[in-house]
Amino acid sequence: TLTVISDAQEIVRATRDLPDFDIEKVPLIDHPTFDQLNSGRTTGVFQLESGGMQQLCRQISLSSFEEIIALIALYRPGPMQFIPQFIEGKKDPSTVQIPHPLLKELVEETYGVLVYQEQVMQAAQIIAGYTLGGADILRRAMGKKIKAVMDAQKQVFIDGAKKTNDIDRKIAESIFALLEKFAQYGFNKSHSAAYAMLSYRTAYLKANYRVEFMAAVLSSEQGNADKLSHVLEECSAMNVPVLSPDVNLSGTSFTPIIEAGEASIRFGMAAIKGVGEGAAQVIIDEREADGPYESFRDFVTRHSDKNVNRRVIEALIKTGAFDSISTDRAMLLHGLDAELAEAESLRRDREAGQANLFGDL
């Protein structure tokens with residue numbers, strides 16, 4: 001994902017003439033990004049690609065970065081049981097259940113649900129006067145369900161609640177039981193926030209620079225046929241045309257093309273099964289050194305002594321890489337052996353220093 005983000009950033013800088021574009025400086029409130037997430041079209045978006053996550057994005061109707069953090073923390077076995085409470089609290093604030101008035105500010109951003117380990121620790125600080133170190137001991141004991149430690153901590157909590165806020169034993173026990181329940185499922189917020197930042201950045205790129213982003217995603221998956229097919233389907237759903245490979249236009253990877261307001265992606269030659277990056281680079285290097293290929297014969301002749309074998313050429317023919325210079329793929333395949341033999345003969349003549357009798361003609 002970090003590679004996809006970095007590649008997309010470089011492509012945006014090049015194609016949009018935005019040399020200073022920096023994904024780390026984009027605003028965390030971007031309406032197109034949240035529209036993208038809430039539509040459920042999250043293919044390529046870090047951590048939010050699964051069918052369950054797509055459905056949840058549509059249900060929650062995300063409106064802030066903090067909600068993305070909570071979503072990632074909640075969508076796991078255990079805390080998933082609190083998702084309906086979270087959604088209901090967001091849609092109808094009157095349903096939010098505050099564990100104790102002193103904790104109102106702590107649980108506001110998560111609609112009454114204690115989502116994070118940090119919240120459990122802060123609740124112990126607020127209610128019972130725990131130090132940060134003491135609160136971490138409590139969190140670990142709750143998470144691991146160590147009974148002996150739990151019994152001791154429960155009394156510390158009850159005594160601290162009385163001393164710090166004059167909370168009686170019964171209320172303190174109910175708060176402790178609630179903290180214990182959530183501590184078993186609580187996720188580390190700082191971890192979830194780091195994940196959420198990557199989720200947001202990939203969603204931002206997809207929403208605002210979709211061609212560049214999808215080109216980067218396609219390039220990252222070009223060795224995986226199944227995933228590549230899935231991403232190509234997403235491009236089609238987004239109305240982003242993916243053009244067939246072309247020996248005179250394709251790079252090794254998928255390349256965005258923005259011309260006259262129209263945007264598309266050119267298939268990378270290295271992504272063609274049977275071609276690979278080495279042969280693709282040889283073809284591109286030759287093209288850049290001696291100009292575009294003028295015909296199929298020109299291509300075969302120029303590569304007769306290079307790392308472009310029969311299997312590579314067949315794959316290029318079948319995927320339409322020669323369509324711009326020769327429209328009949330069947331004819332190219334049928335005559336391939338003869339073309340290769342002719343090219344090899346010319347190569348041997350060149351190496352022997354002989355001139356073809358009919359060369360001038």
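Let's start in a loop. Q47 sits in the loop between α2 (31-38) and α3 (51-60). Keep in mind that this is a predicted model. Phi of Q47 is near 70°. That is a positive value, and Q47 is not glycine. Q47 is partly exposed, at a relative accessible area of 35%.

There is another residue of this kind. Y111 has phi near 55°, again a positive value in a residue other than glycine. Look for Y111 in the loop between α6 (104-107) and α7. Y111 is buried, because its relative accessible area is 17% and the cut-off for buried is under 20%.

The axes of α3 and α4 come within 12 Å, and they cross at roughly 140°. So α3 is oblique to α4. Antiparallel would need an angle over 145 degrees. The crossing of α3 with α4 is right-handed. Which residues make the contact? From α3, we have M53, L56, C57 and I60. From α4, we have E67, L71 and I72. By class, that is six nonpolar residues, no polar ones and one charged.

Next pair: α7 and α10. Helix α7 covers residues 117-128, and helix α10 covers residues 169-183. Their axes come within 10 Å and cross at roughly 165°. That angle makes α7 roughly antiparallel to α10, because the class begins over 145 degrees. The hand here is left. Who meets whom? V120, A123, A124 and I127 are on the α7 side. I175, L179 and A183 are on the α10 side. The count is seven nonpolar, no polar and no charged.

On to the core. How many residues are in the largest nonpolar core? It has 108. Seven names touch the most other members: I68, F157, I265, F299, I313, L316 and F322. Which helix gives the most to this core? It is α4, residues 65-74, with eight residues.

Last stop, L316. Set aside its neighbours within four places in sequence. L316 is then in contact with V247, M269, I272, V275, I283, F299, A321 and F322.

Key: Residues numbered from 1 in each chain as written. Predicted model: local features only at pLDDT ≥ 70, side-chain atom pairs only at ≥ 80, totals over all residues. Heavy atoms only, no water. Core = buried A, V, L, I, M, F, W, Y, C linked by side-chain atoms within 4.5 Å. Buried < 20%, exposed > 50% of the residue type's maximum accessible area, 1.4 Å probe, protein only. Helix = DSSP H or I, 4+ residues; strand = E, 2+ residues; numbered from the N terminus. Contact = heavy atoms within 4.5 Å. Axes fitted to C-alpha atoms, helices over the stretch in contact; angles between N-to-C directions. Parallel < 35°, antiparallel > 145°, perpendicular 65-115°, else oblique. Left-handed = near helix turned anticlockwise from the far one by under 90°. Nonpolar A, V, L, I, M, F, W, Y, C, P; charged D, E, K, R; others polar.
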